[in-house]
Amino acid sequence: MTVPPDAKAWSFEVLYDAYVDDVWRAVRRLGVDVGHVDDVVQDTFVTAWRSLSRFEGRSQVKTWLIGIAFNHARHALRAQSQRAVTREPLDARLPSTQRAPDEAVATQRQRQALLHMLEALPVEQREVFVLMELEGFTAPGVGELLEVPVNTVYSRLRLARAAINDAVARLQDSP
């Protein structure tokens, strides 16, 4: 599928297909409950589609979409904390059909450990860590997206890295 150079000429299908994986991954890594990630992603693309005519091209399309996704994710996280219901994700209870069970369990445990580490971070640090370390954004891009100075981005990243490193060390020290 070819992508038109002007984002305003894109069809919904092109926009969605080009960025759905990036948006889904970012929303999940921000700590949105797996049962609500698809809703947040859908809301993101509906919002983006409705406002595509106002997209000025001052940032990359991915950055613009992730910004919209972050706004929807923040709303979902607020609602999630108000519900305060802990549910085990459905996919954690189903056996993998593509890998050996012990590999699937190890991979799932690693993913859950990372998600728990990310969820333990303050929202501001989690956002910066996810964007820079997991999604590959630059500090100036994150600063623009979150509307904070670049030095603040670096400070939040430093604190997040330290917290993640401490959590990993504790995990490695446990029996």
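This briefing covers the fold, the confidence, the salt bridges and a few selected residues of one protein.

The model is predicted, so local features need pLDDT of at least 70 and side-chain atom pairs count only at pLDDT 80 or more, while totals for chains, interfaces and linings use all residues. Residues are numbered from 1 along each chain as its sequence is written, and side-chain values use heavy atoms, with hydrogens and water left out. The protein has seven helices and zero strands. A network of salt bridges links D22, R25, R29, K62 and E135.

**Overall fold**

- Along the sequence, the pattern reads α-α-α-α-α-α-α.
- Helices (H or I, at least four residues) and strands (E, at least two) are DSSP runs, numbered from the N terminus.
- The protein has 175 residues, and 39% of them count as buried.
- Buried means under 20% relative accessible area, exposed means over 50%, and partly exposed lies in between (1.4 Å probe, protein chains only).
- Among contacts with a separation of 6 or more, 64% join residues 24 or more positions apart.
- A contact means heavy atoms within 4.5 Å.

**Confidence**

- The average pLDDT of the protein is 82, and 82% of the residues score at least 70.
- pLDDT is the predictor's confidence in each residue, from 0 to 100.
- Confidence is lowest in helix α4 (residues 101-120), with a mean of 80.
- Confidence is highest in helix α7 (residues 150-173), at 92.

**Surface**

- Accessible areas come from the Shrake-Rupley method with a 1.4 Å probe; for residues, only the protein chains shown count as cover.
- F12, Y16 and W49 make up a nonpolar surface patch, with about 270 Å² of accessible area together.
- Patches are made of residues with over 30% relative accessible area and no salt bridge; like charges are joined within 9 Å, and nonpolar side chains (Val, Leu, Ile, Met, Phe, Trp, Tyr) within 5 Å.
- W49 sits in helix α2 (residues 34-51).
- W49 counts as partly exposed because its relative accessibility is 38%.

**Salt bridges**

- The structure holds six salt bridges.
- A salt bridge is a side-chain nitrogen of Lys or Arg within 4 Å of a carboxyl oxygen of Asp or Glu.
- Side chains of opposite charge can pair when their charged atoms come close.
- K62 and D22 form a salt bridge through their side chains (4.0 Å, N to O). This pair links distant parts of the chain, with K62 in helix α3 (residues 61-83) and D22 in helix α1, 40 residues apart. Both K62 and D22 are buried.
- R25 and E135 also meet in a salt bridge (3.3 Å, N to O). Here helix α1, which holds R25, is linked to the loop between α5 (123-134) and α6 (139-146), which holds E135; the two residues are 110 apart.
- R25 counts as partly exposed because its relative accessibility is 29%. E135 counts as buried because its value is 8%.
- E135 forms a salt bridge with R29 too, with the closest N and O atoms 3.1 Å apart. That pair again links distant parts of the chain, 106 residues apart. E135 and R29 are both buried.

**R29 and R126**

- R29 belongs to helix α1 (residues 12-29).
- Not counting residues up to four places away in sequence, R29 touches L115, L118, R126, V130, L134 and E135.
- R126 lies in helix α5. R126 is buried because its relative accessible area is 7%.
- R126 and A160 are 34 residues apart in sequence, and their C-alpha atoms are 6.8 Å apart in space.

**Helix α6 and the residue after it**

- α6 is mostly covered, with six of its eight residues buried.
- The buried residues in α6 are A139, G141, V142, G143, L145 and L146.
- E147 follows α6 and lies in the loop between α6 and α7.
- Phi of E147 is positive, near 60°, in a residue other than glycine.
- Most residues other than glycine have a negative phi.
- E147 counts as exposed because its relative accessibility is 73%.
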